[in-house]
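Open the model in your viewer and follow the stops below in order. Each stop names a selection and then says what is found there.

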Amino acid sequence: MSTLEERLQKLLSISSTSLLPQLEGKVTRMVGLTMEAVGCIVALGDRCLVQVRKDRWVESEVVGFTGNLTYLMPTEAIDGISPGARVRPMLEEGRLPIGEELLGRVINGLGKPLDGKGTVKAKDSVGLQCDAINPLQRKPISEPLDVGIKAINSLLTVGKGQRLGLFAGSGVGKSMLLGMMTRFTEADITIVGLIGERGREVKEFIEQILGEEGLARSVVVASPADDSALMRLRAAMLTTRIAEYYRDQGKSVLLLMDSLTRYAQAQREIALSVGEPPATKGYPPSVFSKLPQLVERAGNGRDGGGSITAFYTVLTEGDDQQDPIADAARAILDGHLVLSRRLAEEGHYPAIDIEASISRAMPNIVSEAHLQGAMRIKQLYSKYQQNQDLIAIGAYNQGSDPDLDQAIYRMPDIRAFLQQSLTEKFTIDESLEALVAAMTKE
């Protein structure tokens, strides 16, 4: 009898866990980046496998639908796809192995290793999506973060949990400044997202900027420019999700994403492919809704939790600060650092334009004396820049304007204060001492 009961229990367990028949669809049309499929019972955001050749399946994501047509976007090249290709919905949720084992690794937008060190074996795992934190439950920004750069520490002080944009054109030292922040910032863990940049920069950033010591406490998510638009989009989301995981563990996380503009361009490619109309300079409306959805996930966690201090690079094409992505990013971030091409051409590094830059959290996290000193040096710098042409041709008469006289006298010391070599590190206290010295030196 016991044997019969055991057999019945075994049969019941098999029947209860057996999978339901899986419905497959087929590809009916392929235009540009998008596949059209019929016969799939899927929802927006679901993942599918598309058969490209007999033995090759490519992961795709549902990005839209019209009637019985489903629009799919592949994560990689689909050369060789033919009409009627099979589309198989993926029933299991995609999850990323995560934990201490992920530190020191380089992965792509799907969480697969790029560093040749084998699969990531971790006890914990997370999905790509995370519930947003109630804004009233977030810990306010109340303490400064030392980034090791005296111009930022003293004049544009960053707070733990702040989100800033690094606005720059090409070739003005953006990557160098990011590298300095990576090496010098006082954070438990660094998460780096290289989104849509040149492929050669990935290895250069890891070997020359991070180094072995920096990589040991970092996670790098890389999706170069030749990746599909969906892969670049996923890489940015995965970068943020990894940072959220460590923040929830109580860690102080530094998140560097290069660049937010490439993320927006990837979303533009997807949106235009599924028929969304362009709005501002070719960017569809969904781009401007995706940006805050990504950026708002960074910041401080709940009371007693960790923080994500995030720096997003924003490419200003032709140094146009009114580029639609730059304008939208400026509105949703907690401050911006603008790099000047004029300063870079003068050999002034880091080429931070202190007139155009601002840290919105600074008044709440520094002393009144610190704030007044920073305001004074900005005033003198601005006064000099406004009258630079008069000074250069000798048309200004000394004594006409006491503030301008002071600016002319202090300018060599101010310029020396604003510059810093790639290997120098200044703590917040050292930065304030340098600021006082620049303003009081005889």
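**Stop 1: a loop residue and its contacts**

Select Ile352 and, leaving aside neighbours within four places in sequence, look for its contacts: Ala151, Ile152, Leu156, Leu177, Val338, Leu339, Leu343 and Ser357. Contact here means heavy atoms within 4.5 Å. The model is a predicted one, in which local features need pLDDT of at least 70 and side-chain atom pairs count only at pLDDT 80 or more, while totals for chains, interfaces and linings use all residues. Residues are numbered from 1 along each chain as its sequence is written, and side-chain values use heavy atoms, with hydrogens and water left out.

Ile352 lies in the loop between helix 9 and strand 19. Helices (H or I, at least four residues) and strands (E, at least two) are DSSP runs, numbered from the N terminus. Ile352 has a relative accessible area of 2% and is therefore buried; buried means under 20% relative accessible area, exposed over 50%, and partly exposed in between (1.4 Å probe, protein chains only).

**Stop 2: His348**

Stay in the loop between helix 9 (341–345) and strand 19 (358–359), and select His348. Is His348 buried or exposed? With a relative accessible area of 5%, His348 is buried. Not counting residues up to four places away in sequence, His348 touches Leu343, Arg415, Leu418 and Gln419.

**Stop 3: helix 7 and helix 8**

Select residues 285–295 (helix 7) and 324–332 (helix 8): their axes come within 10 Å and cross at roughly 40°. Axes are lines fitted to C-alpha atoms, for helices over the stretch in contact, and angles run from 0 to 180 degrees between N-to-C directions. Helix 7 is therefore oblique to helix 8; angles under 35 degrees count as roughly parallel, over 145 as roughly antiparallel, 65 to 115 as roughly perpendicular and the rest as oblique.

Helix 7 contributes Val287, Phe288, Leu291, Pro292 and Val295 to the contact, and helix 8 contributes Pro324, Ile325, Ala328 and Ile332. By class, the contact of helix 7 with helix 8 has nine nonpolar, no polar and no charged residues. Ala, Val, Leu, Ile, Met, Phe, Trp, Tyr, Cys and Pro count as nonpolar, Asp, Glu, Lys and Arg as charged, and the others, Gly among them, as polar.

**Stop 4: helix 11 and helix 14**

Select helix 11 (residues 368–386) and helix 14 (residues 428–440), whose axes come within 11 Å and cross at roughly 50°. The contact involves His370, Gly373, Ala374, Arg376, Ile377 and Leu380 of helix 11, with Leu432, Leu435 and Met439 of helix 14.
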